[in-house]
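Q: Could you walk me through this model, one feature at a time? I would like to learn how to read each term as we go.
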Amino acid sequence: MCNCLFNIIKKMCYVNEKGNCFIKKELLVMDNNHIAQFFYKITEYLELKGENPFKIRAYSNAARIIESHTKDLSKITDIVELRKIKGIGESIAEKIVEINKTGKCSYLEELEKEIPKGLLDITTVPGIGPKKAAFLYKEKKIKSVDELKKYAEKGKLHDLKGFGEKTEENILKGIEVKDKFHGRMTIGQALPAAKEIINYLSKKLKIKQITEAGSLRRRREDIGDIDILASSDDNMPAKKIMDAFTASPFVKEVLAKGGTKSAIISHDDVQVDIRVVEKESFGAALQYFTGSKQHNIILRQYAEGLGFKVNEYGVFRLKDNKKVAGETEESVYKALGLPLIPVPIRETGEEIELALKGKLPKLVEKKDIRGDLHFHTVKSDGFNTIEEIVKDASAFGYEYIALTDHSQSLKVAHGVTEKDKLKQIETIRKLNEKNNKFKILAGAEVDILKYGDLDYPGNILKKLDIVVASVHSYFKFTRKEMTDRIIKAIKNPNVDIIAHPTGRLFGTRDEVEADWDEVFKAAAYYNTALEINSFPNRLDLKDIYCRRAKEFGVLFAISTDGHNTNQLEFIEYGINVAQRGWLTAKDIINTKSYSDLIKWLNRGQALQKL
DNA sequence: GCCGTTTTCGGCCCGACTGTTTTCAGTCG
């Protein structure tokens, strides 16, 4: 090891009296997501061990609960406090505390010693679950996907009990599929792909009810596979839909084809599942296949307490098995005394408890949004002129738009010089004088420089109607440096919105390291809004952060960061993020009328920000 | 492992499809 690296490690670690090396506590960067990963891993190992399924479920529930919890659990070291969270008991609370204090989980480490890591990879091969993986290890000592492939290729598996030639063939096919999948898709890829298939089937067969389901319908930011649900009736039997689907032009390979359920791999190497139910059950099936899994488990448990059974065919009274609901999703919830729970927040099950108390928020909707507050013109790296943007944004139903070209330092995006910025402001003022119906806000997306200063001087910033500030450089700053840098911009009295606050890009760049609770606290205190960037590869802030930031009292702007007017419609993705973050119209500044928005933008002087 | 109007033990959501076996276990959602 070179001296340089050795010195870095030495600075990061300390060695205890037993000679064990630990990362210094101040360097432990833990958040809910990191903690949840420990429990997801434990879940996988317990499955391989063939542990009690309910114990496994307890761990996977805990992982999901931790991941989506609105408080930062990494700062809690009190077991009693952690145990107040439903689903977290004595044992898991102890493990969270251990993780928070040491960055390690000894239980997981024991499991890692006991079970070869490669078995986890084997379970990612479609068709191979924990049981088969453990069996293969026991019988043939297979502990990696490569070894599994070699055995299957040589035909050395079909003599095993429960394994036939077909299984062997499917293993090889599964490995091939797995190699082609590069993780999950963004919602921006999955949704248009799903709509294309749905349109094709509904036009070809004139199916009355066909829609996306699963995490896609819940509008999660990333999607594993596409789920589609359709209804059948006397004129449109399920078989006809199965035949049309598996013979459609999208199909590269048929994975499974049954009477009511089929799965294919598309030419884009995406798995698409379809399920057909009779129209009398469509609502129940839609509820069921939309999930989440946890939402359904809680709903079914609750239903049982009321004397009902819920499945994909309907709600049934336990005493006489009489069906009491199922044709619409609303009827399913209504039969259980619940309002129709908004799709995007069906996640952990807490939404069911709150619905029972009548405490669900009225989520922001598309119709609430009155304008886009982050848009680029040809002046920097956009595609359209101001006139084109005004025309298209107006036709889109907006009352206003903020034109926020990049500032001068961002050369790659043709950042606008101070001189040109002043000219652009003048142009916008003149256009506004001529148009009373639609208003343009003169703005800029201003770079937050290395130490938190802005890329335009105060005299320019003061002339602008709206200032959107964002980080485009020095992404690798330490947590402390980045937190200070963003908060300095938040404090700047000229700044109205922090754009794409975490800077992540799906598949390209992780979010920057920062103490987000501190950032949210500052944004709330200094009344600076945080952006929900609707660009499908950003979706930044993400849903969980939105919900946490709201608890601090932060306001948000849902914007597209559009560079072309056909990207105005990306706003839907941002709205979905806001909905999944439990935000209402009141939390969003661009639901305000133009005059109210101007009042809000002028709040700085009244507040005398520090 | 978690939970409790059935509280310290006993139960924990539900069904389709596949491949194998011949009544079912494993996988998946």
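Q: How do the residues of the lining of the second largest pocket divide into nonpolar, polar and charged?

A: They divide into ten nonpolar, nine polar and nine charged. Here Ala, Val, Leu, Ile, Met, Phe, Trp, Tyr, Cys and Pro count as nonpolar, Asp, Glu, Lys and Arg as charged, and the others, Gly among them, as polar. Before we go on, a word on the ground rules. This is a predicted model, in which local features need pLDDT of at least 70 and side-chain atom pairs count only at pLDDT 80 or more, while totals for chains, interfaces and linings use all residues. Residues are numbered from 1 along each chain as its sequence is written, chains are lettered from A and ligands numbered from 1 in the order in which they are written, and side-chain values use heavy atoms, leaving out hydrogens and water.

Q: What is the volume of the second largest pocket, and which residues are closest to its centre?

A: Rolling a probe the size of a water molecule over the atoms shows where empty space is left. On a 1 Å grid over the protein atoms alone, a pocket is an open set of points with protein on both sides within 12 Å along at least five of seven lines, whereas a cavity is a set of points where a 1.4 Å probe fits but cannot get out; lining residues have an atom within 4 Å of a point. Grid points are joined across faces, edges and corners, and a volume is the space filled by probe spheres set on the points. In this case, the second largest pocket has a volume of about 770 Å³. It is lined by 28 residues, and I65, I85, K86, G87 and E350 are the closest to its centre. The elements giving two or more residues to this lining are α3, α15, α17 and α23 (543-552). Helices (H or I, at least four residues) and strands (E, at least two) are DSSP runs, numbered from the N terminus.

Q: Which residues come nearest to DNA strand B?

A: A residue is near a strand if one of its heavy atoms lies within 4 Å of it. There are 49 residues around DNA strand B, of which R57, G87, G164, Y288 and R300 come nearest. Helix α3 gives the most to this surface, with five residues. By class, the surface has 16 nonpolar, 15 polar and 18 charged residues.

Q: How many salt bridges does the structure hold?

A: A salt bridge is a side-chain nitrogen of Lys or Arg within 4 Å of a carboxyl oxygen of Asp or Glu. The structure holds 40 of them. One joins R346 and E329, with the closest N and O atoms 2.8 Å apart. This pair links distant parts of the chain, 17 residues apart: R346 sits in the loop between α16 (329-335) and α17 (350-356), and E329 in helix α16.

Q: Are R346 and E329 buried or exposed?

A: Both are buried, a word that means under 20% relative accessible area, with exposed over 50% and partly exposed in between (1.4 Å probe, protein chains only). In another salt bridge, D222 pairs with R220 at 3.4 Å between the closest N and O atoms. D222 counts as buried because its relative accessibility is 17%, while R220, at 28%, counts as partly exposed.

Q: How many residues of helix α14 are buried?

A: Seven of the nine residues in α14 (residues 282-290) are buried, so this helix is mostly covered. They are F282, G283, A284, A285, L286, Q287 and T290. Just after α14, G291 takes a positive phi of about 75 degrees.
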